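Please look through the sequence and the model shown here before reading on.

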Amino acid sequence: MHELNEDWEANGHPSHHTLEDYEGGVARWCPGCGDLAVLTAVQRICRDEQLPPEKVVAVSGIGCASRFPHYMATYGFHGLHGRALPVACGVKARRPDLDVWVATGDGDCCSIGAGHWIHAIRYNMNITVMLFDNQIYGLTKKQSSPTSPIGLTTNTHPEGIFLPPLNPIQATLGFTNVSFVAQTVDWNPLHLHATLAAAHRHRGLSFVRILQRCPTYTANLYDELQKDPTKVLMLTHENGIGGDPALGRVFTNQGVHDPSDLRAARILAEQIDPLPIGLFFQDESCPIYDDFTNEGLAMPIEARMEALNRELDRFLV
Ligand code: SF4
């Protein structure tokens with residue numbers, strides 16, 4: 001930390017932020033919950049990138065993961081169920097200078113919020129979306145979610161789930177104007193950090209599905225992937241997720257995938273054994289909605305009032 005301070009000041013910056021500047025209290029998630037690892041990764045990225053805390057906004061809907069904004073010492077908005085994405089888009093539309101992080105769950109995003117999910121991808125605003133996928137409604141104590149696997153017994157399916165789960169990566173890759181899709185796991189901090197850092201650097205909406213452990217309600221869901229890393233296929237490419245060479249020692253099962261190839265990404269998304277992690281797709285040439293809304297923000301107040309009055313005049317009867 002001391003070295004960082006010296007480097008930072010030597011480069012002419014007036015001050016630097018420590019990890020503590022982003023920590024907003026003790027998280028009230030269950031012990032062992034994967035949400036804790038994601039929170040730490042985001043706080044470290046904020047620190048590494050020296051993002052001013054007052055320029056960061058964490059936005060969420062409803063669910064366990066949606067307590068995320070409470071644990072960031074930044075601005076935050078804990079919204080309504082399924083509505084994290086429209087709130088985040090609204091924030092970004094009016095304040096393009098802010099760094100917007102979205103914490104949403106498999107229920108929040110893929111069920112009640114699914115309509116917003118499709119259109120947020122299409123609008124491609126410059127925000128980072130983290131889908132915490134624990135494959136269950138944890139906050140309301142174990143109801144089936146859209147991503148719950150076949151056979152899982154839940155409060156809503158005591159005899160076991162009979163429909164196949166929704167695949168969030170496959171779905172997102174099918175939406176119009178998709179620009180960044182990646183997958184990672186909460187139990188490998190290096191891959192998690194590298195993936196979220198790449199997502200944050202991306203210009204446009206970055207969508208990251210995080211396989212998130214819920215020791216309380218889906219305790220054994222990811223056991224096989226954790227115990228046998230060859231069940232995971234780490235995607236590699238010069239334009240993919242960079243990272244520590246140590247990753248290669250954990251995930252020995254690797255495959256080269258060019259993230260500019262949407263067709264190949266869609267085929268990969270169907271694969272579950274071994275399960276691909278890394279960058280599926282990236283295209284920074286996609287139109288970004290906030291580029292257009294920002295134009296209006298640069299108008300002087302008189303011009304804005306004139307434009308507003310002109311529009312209102314159209315409704316005169
Ligand atoms: Fe985490 Fe599951 Fe506990 Fe929710 S119920 S806080 S997802 S471990």
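Cys110 counts as buried at 6% relative accessibility, where buried means under 20% relative accessible area, exposed over 50%, and partly exposed in between, as found with a 1.4 Å probe on protein chains only. This is a predicted model, in which local features need pLDDT of at least 70 and side-chain atom pairs count only at pLDDT 80 or more, while totals for chains, interfaces and linings use all residues. Residues are numbered from 1 along each chain as its sequence is written, and side-chain values use heavy atoms, with hydrogens and water left out.

The sulfur of Cys110 lies 4.4 Å from the closest cysteine sulfur, which belongs to Cys109, and this is too far for a bond. A disulfide is a covalent bond between the sulfur atoms of two cysteines; the criterion applied here is a pair of cysteine sulfur atoms within 2.5 Å. The structure holds 0 disulfides. Cys89 is likewise in no disulfide, the nearest cysteine sulfur, that of Cys109, being 12 Å away, and Cys89 is buried, with a relative accessible area of 12%.

Asn124, in the loop between helix 5 (114-123) and strand 4 (128-133), has a phi near 50°, a positive value in a residue other than glycine, and Asn124 counts as buried at 0% relative accessibility. Lys142, which is found in the loop between strand 4 and helix 6 (168-173), also has a positive phi, near 80°, but Lys142 is partly exposed, with a relative accessible area of 22%. A cis peptide bond, with omega about 0°, joins Asp273 and Pro274, and Pro274 is placed in the loop between helix 10 (262-269) and strand 9 (275-282).

What surrounds the ligand? Its neighbours, counted as near if one of their heavy atoms lies within 4 Å of it, are Trp29, Cys30, Cys33, Cys64, Asn134, Gln212, Cys214, Pro215, Thr216 and Tyr217. By class, this shell has 7 nonpolar, 3 polar and no charged residues; Ala, Val, Leu, Ile, Met, Phe, Trp, Tyr, Cys and Pro count as nonpolar, Asp, Glu, Lys and Arg as charged, and the others, Gly among them, as polar.

Definitions and conventions. Helices (H or I, at least four residues) and strands (E, at least two) are DSSP runs, numbered from the N terminus.
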